[in-house]
Each structure stands twice: as structure tokens, then as C-alpha cells.
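Let's look at how the labels used for a structure follow from its values.

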Amino acid sequence: MSTPLPGDETAGQASALQPVKSTGDPSHADYSDSDSSDFPESGVTAWGTALGAFLIQFCGAGYTSSYGVFQDFYTQIYLTKSTPSAIAWIGSVNAFLIFSVGLVSGRLLDRGAFYHVMKIGCFLQCFFLFMLSLAKPNGYYQASLIFLSQGIGSGIAIGLTNVPSIAVVSHHFQRRRAFVMGLVVAGASVGSILNPIMLNNLINGRLGFANGVRASAGMIGCLLLIAYLLMRTRLPPQPQAVSYTRVFQNSLRDRAYICACLGMAAFEVGFFFVAFYLQLDSRLHGLSEGFSFYSLTIFNAGSFFGRLTASVVSAYMGVPSAIIGCSFISSALIFSMIGLHSVASVALIGVSYGFFAGGCIALAAPLISYLTPEISDIGARMGMSFTISGKSGVSKSLDDLGAPICGAVLTSHYIWWKPAVLAGVSGSCETAFLFLADKVTRASQLVEAFCSHLCSSY
């Protein structure tokens, strides 16, 4: 079995389309005579779409991954009357909405509403960033304004553009799809490296919070406009959307899939503890402000290289073995945050945990693809796994609750070993669940092979 690469969830969804003739949007009729089975694989339009999707990921997921900068700033300057747990809810709700709204925006893409969804999402993202800049330090209702604009508003806006921007790449590439989608997803990693540097220097510099956020909103707005102008659809709307109800019912009976979802959910607690609190942790341990501002950049740089390396390693080890190994090492590294006290420890923990956590992130999509028996269900199962396991769910998920719970355990006295132990135990649970998923899958394959051999004997 070939090993799928990051982004294959969208690739799998698109590969289920049947050859048809038409276009995704009547205003771009130059593709009207092309067969959907003949993918361009290159050209100005195809690569322009990939570049636009890269910019969307840079401005969306890359900006959200920089929330640790805001967590530090709000805790020490802007929202000093609020607890770290309460402040962490802003970033957690933002992440929750990004992936939950993706279920809706993905279906709208299938129905041919790509351009409308992208226009609304890009506009709202800029609008809510400018609204965030109106917040004042410790003012009455200011925490509510920040929560509504950055937590809810920006989360919905980025959720509208996140999934469609990745999925539209599959309209132009088939043979190179995994490679191009890997480049597109790397936009989030590049954004998570550069955005913290920009935000730290803007809101903690001469411009201050209000003008700094406005400056970042202006830059984000320009990049989103360029992205919207570059991206083009090619395939027509799907005649029949995948039934999420049918796939969901089948998935509930798949024990390996459920274990994988639980493992991915447990991973989020540890990941967002480091992402939200690493910069604050380093500053409160007496490290220089200049170095602390780059702690998130170090962490995200490690994650970037980890994502690139994971796909290569998994080709030799297999996806289950690779992600279990990354999970085991990353959970052990979270426990090491108990000893964080120096520049060297922050740099070593940041780059090491980022590298192996990045491997877990990169291999999550291929793992679900590996556990999905029907290729036509990959897109639906991928969306549900991100929603159920790591991003939302009926009673909210560990991703949505993880950072605030760690903040509550941290307390206003900043007892760092408690959330580190909690996040490390959660990461260990991830390793256990992924190990169970692998064993269940292997047992099922052995039983299936035995039954096939028995039937062939007769």
C-alpha cells in the first residue's frame, strides 16, 4: 500500500469525482471544453491557484498558530484581570471554529459556491482584525470584544476559507497533487514562523497594540486579495455530495478509526499547551524579552521541518509506525518542560517538540486515509475526524478545552509543572490510542486474509 502524503484527504475526495465536462464558474469559461480527467498539472492558472491557496494558509492557519503572542500580551498587559485559562479560551474557540466551519465551507465548495465563500471569508477576516484593534486594556467589556472579534469572528472567517483553498488545488493537479498540496499546507508553517516575529515587533514596539493589529490586518488584507484573484476553479459542482450520515454510521463501527480519532484529540491538549504558553513560560522564567519573542518562531520552525521529514520517513516505516514514534517522543518532550529555565532549554524543547509534533500533524491525514477502506469516503471521514476528535464535537473537544484546562491548572500563581504533567499524560494517551488503532488494523487484516484464504481453498 502506498503511503499518502499530507493533504491527501482532499486529494482522495477529489479523486472520487467522475469525468465530466464543464467548469466550476461560468465567468471562467476557458476551461469549458476540458475533461475533468485531463488535469492540467501545470500552467499559469494551476500554479496561480496553488500560490493563492498558499497565501490563504499563511494568513489563516499561520496567523492562528501565532496566538501564543496574544496569550502572552493579554496576560501581562491587556487583560491582567483575567486568568490565563479565560484568555486561552479566545485561541481555543478560534481553532474550534476554523475546523468546524470547514465542514460547511467544504460542502459549499462541492455545490459550486467557491468564489462566494472565499469573498465572504476574506472580507470577514480583515473586518474582525480591524475590530480587534479597537479593544482597550482592562476596559469594561473589552475582554468580550476581543473574544467576539478574535475568538468567534476570526475563527468563522478563517474556517470559511481554509478547506476550500486546499480543496481547489485538486481541480488542477492529479499526478502532482500530493506534492503541490504539501507546498500549500506549508504556507501555514511559514506563517506560523513569520507572523509571531511580525506581531511581537508590532504590538510590543512603537506602534502599540491598536496600530500594530491594524498594520497586520492591512498586510493580511492585501495578501488575501491577491490570493482571491489568483485562485480559479476548474471542475463543476458534484452532482451528489457524500452522505456524512452514512459515513458517520459506518465509522462508528470501525474501532481502529475511533482509536485514531481519540489519539488525535489527546494530541491537541499537549500541542496547544506548548503553542499557547511557551512564550509566556519563557518570559516568566526570567529570560530576556527579545529571546522570548522568538520562542514561538523556534517552535514553529521545528514543526515546519518535522512536517517535511515525516512524509519521507513514513515511506520507509509506514504511516502507523511513524506517527506512533513521533507521538511517543513528543509526549516525552512535554514532560521536559518542567525543567524549562534557560535559553538553551527553551530552544532545545521548542525545536525538538516542534519537530516531532509537526510529524504527528503531517501524518494525521495519511493515517485516516490508511484506515479508510473506501476511497470515496476519505474526504468525509477526514472532515469528521478533525471535527469529532480534534476540533469540536457535540460536547466540545479536547482541542477546544485543552488550553483553557491547562490554564486553569496553571493558576494565577503560575505553577508550571502541573499543566506540563497534564499535557504530557494526554500525549501519552495519544500514543496508547494510536498503538491500539494499529493493532486493531493489523488484526483485522490478518482475519480478512485468513478468511480469503479459507474461501479460496473451497
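Q: Why does Phe 355 count as partly exposed?
A: Good place to begin, and do keep in mind that this is a predicted model. The relative accessibility of Phe 355 is 29%. Buried would need a value under 20%, and exposed a value over 50%. Phe 355 is therefore partly exposed, because 29% falls in between.

Q: Why is the pair of Phe 355 and Phe 356 called edge-to-face?
A: Two values describe such a pair: the distance of the centres and the angle of the planes. For Phe 355 and Phe 356, the ring centres are 5.2 Å apart, and a pair needs centres within 6.5 Å. Their planes stand at 85°, where edge-to-face asks for over 60 degrees. So the pair is edge-to-face.

Q: How many aromatic pairs are there, counted by this rule?
A: The count comes to 21. Among them is the edge-to-face pair of Tyr 115 and Tyr 228, with 6.5 Å from centre to centre and 90° between the planes. Tyr 115 sits in helix 6 (residues 114–132) and Tyr 228 in helix 9 (residues 208–230), so this pair links distant parts of the chain, 113 residues apart.

Q: How do you know whether Asn 195 is buried or exposed?
A: The relative accessible area of Asn 195 is 1%. With the limit for buried at under 20%, Asn 195 is therefore buried. Asn 195 belongs to helix 8 (residues 177–203). Neighbours within four places in sequence aside, Asn 195 is in contact with Phe 58, Gly 62, Tyr 63, Ser 66 and Met 219.

Q: What makes Met 317 partly exposed?
A: Met 317 has a relative accessible area of 48%. Exposed requires over 50% and buried under 20%, so Met 317 is partly exposed. Met 317 lies in helix 13 (residues 295–317). Together with Val 312, Val 313 and Tyr 316, Met 317 makes a nonpolar surface patch of about 450 Å².

Key
Residues are numbered from 1 along each chain as its sequence is written. This is a predicted model: local features need pLDDT of at least 70, side-chain atom pairs count only at pLDDT 80 or more; totals for chains, interfaces and linings use all residues. Side-chain values use heavy atoms; hydrogens and water are left out. Patches are made of residues with over 30% relative accessible area and no salt bridge: like charges are joined within 9 Å, nonpolar side chains (Val, Leu, Ile, Met, Phe, Trp, Tyr) within 5 Å. Accessible areas come from the Shrake-Rupley method with a 1.4 Å probe; for residues, only the protein chains shown count as cover. A salt bridge is a side-chain nitrogen of Lys or Arg within 4 Å of a carboxyl oxygen of Asp or Glu. Helices (H or I, at least four residues) and strands (E, at least two) are DSSP runs, numbered from the N terminus. Buried means under 20% relative accessible area, exposed over 50%, partly exposed in between (1.4 Å probe, protein chains only). Contact means heavy atoms within 4.5 Å. Rings of Phe, Tyr and Trp (its six-membered ring) pair if their centres lie within 6.5 Å; planes under 30 degrees apart count as stacked, over 60 as edge-to-face and the rest as tilted.
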